[in-house]
Structures are given as C-alpha cells and as structure tokens.
Amino acid sequence: MELNSLTAVSPIDGRYRSKTAALTEFFSEYALIRYRIRVEIEYFIALCELPLPQLEDFDCCLFEPLRDIYRKFTPEHAERVKEIEKVTNHDVKAVEYFIKEQLATISAFPAEAKEFIHFGLTSQDINNTSVPLSVKEALEQVYYPLVEELIEQLNDYAEAWKNVPMLAKTHGQPASPTRLGKEVMVYVYRLEEQLRSLKDTPITAKFGGATGNFNAHHVAYPQYDWREFGNKFVGEKLGLEREQFTTQISNYDWLGALFDAMRRINTIVIDLDRDFWMYISMDYFKQKIKAGEVGSSAMPHKVNPIDYENSEGNLGIANALLQFLAQKLPVSRLQRDLTDSTVLRNVGVPMGHAVIAFNSTLKGLRKLILNEQKLKEDLDNTWAVVAEGIQTILRREAYPNPYEALKALTRTNERMTPETIHQFIDTLDVKPEVKAELMAITPDTYTGI
C-alpha cells in the first residue's frame, strides 16, 4: 500500500499533515540525517580553522562546497544514507561514510584529509548536537511565530473589547463584574510571560567524545585546549550552549526545562480553550457559519465549538509526551544506556500536536461573533453583584456591620433588582452624598480598573 496521509499511522502525518508539514524540515528522518551531516561538516571545518597540523594547508575555498553537502541535501541523498545503514547497522556511521562518498565528488579535496571527518567523536557528539539544533530552529521558525500569532489575535480582541462589561463567574457563580477585554488580556499576559521564559531557556548540547572527557582528542593532540574548542564550536558554529561535564550523552536537564516551559504554554492555551468554550455555551459569542459545514450528523441546528475541543485534546497529548520526555531523558544508567536514543526521535511529536492545537485555537477565535446583548442581559439580571461595592463604601464610612447587612439582603434565592438594591440604600443612615455614590453603582459600571 502506498504511504500517504490516508495510510499514515500517526495523525500528525495523516489527518493533520497540512498543519504539520513545516515540521518535516526539523524532525523527520530526512531532517535528522541532514542535521547530522551539517554538524559533521561544520566540525571538520572547525578542525581546519584550529588548525590541526595535518589540516593547516587545507584550502578554505573548499568550505562552501563542503557546506553544500548539507545545504543541497535531498531525500534521494537520504535514501543513499539509509542504504549504507543497511550494511553498517549504525545510523551515524552511515552518515560518515556518505560524507566521504560526497568528498570524492569535490575534485580538489585532499584524500588524506577525509579521515578527519568524525575525528575523535562518538555518535552522541553528533546526535546531542543535531537534535538540540533541530529543536532550536523548529522553535524559532515554527513554534514561536505561531504562539506570537495567537498572542497577537488575543491582543486585538483585548483592545476591541476593553470597554465591554461582563459578569464574572467565580466557582461558576456570579461575581464582581469585569470587562471582556481585560479577561482576554489575562491570556495575553500569561502567554507573553511564559513565551519569554521559554526563549530564555538555554538549549544545550553534549560534545566531548566517548565518555565526555575528550579522551581521543587529548591523546592525539594534547597541546590543544579541547574544552575551549568544544565550547567555541558548539557556541559559534551551532548557536547552542555546551554542557561542561557529561557522560557519553547529554545531561538533558536543560532540554527537560525547555519541555517544561512548552508544557506551561500549552496548559495556558488549554485554559483559554475551556473558557471560550464556556463563553460560547453561555451565548456570549455566536460562531461564524460556513456554508456546507455540518455541526451534527443528527441535529441540523448545531454549530459546535469543535476547534477548542480539538485544541484541548491535542495539547493534552502534547503535555503527556513533554512530561515524559522531561522526566525520562535526564535518567540513564552509569555513563549511558540506549533508552535516550529511541526517545529522542519523538521530540518533534509534542510540537506537532501543539502546532495542530494552536491552529485550531486560532481558527476558533477567528469565528467568534460577540453577542453583546447577552452579556448585558446577564449583568442586568444579577444586581446582587453590586453588594461588594456597597458594603465596601459603608466600611469606609464606619457604618455598623455593613458586610452582614448586605449578606442578609443578597444571600437569598430571590432575584435582586435595581429596585431591591435602591430601596435598601434608602434605608441606610448615611449622608446624602454617600447615598448618591451608592445609587450610582450598577453591574455594568462596577468593573474596576
């Protein structure tokens, strides 16, 4: 059977392929091989720039043709790497052999220099730089822009609705009124804070030889400061931060911190999804209707808030995976076991589900039609919420037992009306100007700052 979006096992590559296609450049097998080749080539160039004695006469004009090996890397090239892997039964060694094949096509490349490809390295020096690099660039090119687009949309709504009064609900019960724009601004603020925290999280890499001590490098060239070389290579060539003390593999602690930061953003969006789902159920918003769409296979009238539900479900999956990755990756037996290898291949999966989710939330938000009349009706029908303001002013005026007086008035199953509240105010023994101040409080003006 031909593999396509209908036959893919994962919905990321199947049903939602159109939403996640951009991630193939960072997390597919093809992408991983390309990143590995990139690291190997840039490492070789760094050895030439050091230079090692055997490479001090290497023609720097060959650097760009060398970089073309990864810059012009194609799926057909990846197929060749996989063919080599069938023989080596080792994915990184297959990359090394592929690069050496490609060097033969560069006419001026000195044959004696090819053994400095993968010189002194272990596979994890390549994997634990390639994967963080792919995560970093996927965040920068796909994830951050999408979160920022979501923030921008919410910010637009916060501005548009900043003067729209709304009944607040605490514990699902009527509470001190608020403004719709301010409630949306809460999510803008939360997302901006956590996005800043995520961007401030260092993305680190392991680069230090078979067990993290530069053994092979040091025994061959003890005159060089290999730690400094590693720091410079990882920092300047790859834009990552080198972990100073490791075993064979990355400590993964900062990768865990990164996943935790992503999980916090996802959790905020889940909260947002549930709130807007509730606002739609409360009729505060209608939804734009698209011709031909079906809300229910049985009930023709339905326009379901499916976008928020889709988002919430995908973010739940993403967070479960992110939590597992953050807890599992930093744990390995002694200097290394192989559990991290297969787990690392899944780092793009939670990002895929997040991308699906953020797109769904944006789609849902852009379908909203504000039903301002319903918001006003709820405020007009809930005059009890002005009790807080009244009793607070009475406290200011040293009126005896103000809280208890308002509690007796409003904590009842009878509906409070403007008349009920105003009759109560008329009975108060306070100055006329204070009565006027109390009379001026209404549900749609008692919205704070």
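1. A word on names before we start: helices (H or I, at least four residues) and strands (E, at least two) are DSSP runs, numbered from the N terminus. The peptide bond leading from Leu 50 to Pro 51 is cis, with omega near -15°. For background, most residues other than glycine have a negative phi, and most peptide bonds are trans.

2. Please keep in mind that this is a predicted model, in which local features need pLDDT of at least 70, side-chain atom pairs count only at pLDDT 80 or more, and totals for chains, interfaces and linings use all residues. Residues are numbered from 1 along each chain as its sequence is written, and side-chain values use heavy atoms, with hydrogens and water left out.

3. Asp 283 is not a glycine, yet its phi is positive, about 70°. You will find Asp 283 in the loop between α11 (253-281) and β5 (285-287). Asp 283 is partly exposed, at 27% relative accessible area; here buried means under 20%, exposed over 50%, and partly exposed in between (1.4 Å probe, protein chains only). Ala 398 also has a positive phi without being a glycine, about 60°. Ala 398 belongs to the loop between α16 and α17 and is exposed, with a relative accessible area of 65%.

4. Next, the nonpolar cores. A nonpolar core is a set of buried Ala, Val, Leu, Ile, Met, Phe, Trp, Tyr and Cys residues joined through side-chain atoms within 4.5 Å. The largest one has 117 residues, and Ile 37, Phe 44, Leu 66, Tyr 143 and Phe 358 have the most contacts inside it. Helix α7 gives the most to this core, with 16 residues. A second, separate core of 17 residues includes Ile 393, Leu 394, Phe 424 and Val 430. In soluble globular proteins, nonpolar side chains tend to be buried together.

5. Which residues does Tyr 143 touch, not counting those up to four places away in sequence? Its partners are Ala 138, Leu 198, Met 262, Ile 265, Asn 266, Met 351, Ala 354 and Phe 358. Contact means heavy atoms within 4.5 Å.

6. Grid points are joined across faces, edges and corners, and a volume is the space filled by probe spheres set on the points.

7. The largest pocket has a volume of about 600 Å³. It is lined by 22 residues, and those closest to its centre are Pro 174, Ala 384, Val 385, Ala 387 and Thr 410.

8. Residues lining the largest cavity include Asn 128, Glu 243, Trp 254 and Leu 258. Helix α11 supplies the largest share of that lining, three residues.

9. How many disulfides does the structure hold? The count is zero, where a disulfide is a pair of cysteine sulfur atoms within 2.5 Å. For Cys 48, the nearest cysteine sulfur is that of Cys 60, 9.6 Å away, and Cys 48 is buried at 9% relative accessibility. For Cys 61, the nearest cysteine sulfur is also that of Cys 60, at 4.8 Å; Cys 61 is exposed, with a relative accessible area of 59%.

10. Lastly, visit Thr 246 in the loop between β4 (241-242) and α11. Thr 246 is buried, at 14% relative accessible area. Leaving aside neighbours within four places in sequence, Thr 246 is in contact with Lys 206, Thr 211, Gly 212 and Asn 251.

How values were computed
On a 1 Å grid over the protein atoms alone, a cavity is a set of points where a 1.4 Å probe fits but cannot get out, and a pocket is an open set with protein on both sides within 12 Å along at least five of seven lines; lining residues have an atom within 4 Å of a point.
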